[in-house]
Amino acid sequence: MKIKEGYRLRKVGSNSIVVALGGINFTGLITVNETGTYIWKMLEKGAEVEEIVDSLAKECNVSAEDIKDEVLEFIEKLKGADLVE
């Protein structure tokens, strides 16, 4: 799974926003907190869900089972906005 070409995160205060580069027709504003930014950056590298869950669990010192649903929910929102392929 990977973030579609032409979308980037830009830091604004403590959050990040999704911006479309070039001629992409993108309406709306998507803000992302620090955890979402971490997941986004892993998706930019082409990481799969299990890899993201394991890495984030280690980073946050929690079990993978405790965060898996939240990671999946975030990725589903990105899919719903047509930002991942």
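Predicted model: local features only at pLDDT ≥ 70, side-chain atom pairs only at ≥ 80, totals over all residues.
**Exercise 1.** State how many salt bridges a search of the whole structure finds, and explain what the pair Asp82 and Lys4 ties together.

*Solution.* 
Step 1. The search of the whole structure finds five salt bridges.
Step 2. One of them joins the side chains of Asp82 and Lys4, at 2.7 Å from N to O. Asp82 is found in the segment after H3, and Lys4 in the segment before E1; the pair therefore ties together parts that are 78 residues apart in sequence.
Step 3. Asp82 is partly exposed at 44% relative accessibility, and Lys4 is partly exposed at 22%.
Step 4. A further salt bridge is formed by the side chains of Arg8 and Glu5, at 3.5 Å from N to O. Arg8 is partly exposed, with a relative accessible area of 28%, whereas Glu5 is exposed, with 65%.

**Exercise 2.** Describe how strand E2 pairs with strand E1 and with strand E3.

*Solution.* 
Step 1. Strand E1 (residues 7-12) and strand E2 (residues 15-20) run antiparallel and are joined by six bridges. Within this pairing, Leu9 has Val18 of E2 as its bridge partner.
Step 2. E1 and E2 form a hairpin with two residues between them. In the turn, Gly13 has a positive phi of about 65 degrees.
Step 3. E2 also pairs with strand E3 (residues 31-32), in the antiparallel sense and over two bridges. Here Ile17 stands opposite Thr31 of E3.

**Exercise 3.** Name the residues of the negative surface patch and the element that gives the most to it.

*Solution.* 
Step 1. The patch consists of Glu48, Glu51, Asp54, Glu65, Asp66, Asp69 and Glu70.
Step 2. Helix H2 (49-60) and helix H3 (64-80) are the elements that give two or more residues to the patch.
Step 3. H3 gives the most, with four residues.
Step 4. Asp69 is located in helix H3. This residue, Asp69, is exposed, with a relative accessible area of 57%.

How values were computed
Residues numbered from 1 in each chain as written. Heavy atoms only, no water. Patch = residues over 30% accessible without salt bridge, like charges linked within 9 Å, V, L, I, M, F, W, Y side chains within 5 Å. Areas by Shrake-Rupley, 256 points an atom, 1.4 Å probe, with all protein chains shown as cover. Salt bridge = Lys/Arg side-chain N within 4 Å of Asp/Glu carboxyl O. Lys, Arg positive; Asp, Glu negative; His and termini not counted. Charge placed at Lys NZ, Arg CZ, Asp CG, Glu CD. Buried < 20%, exposed > 50% of the residue type's maximum accessible area, 1.4 Å probe, protein only. Pairing = 2+ DSSP bridges.
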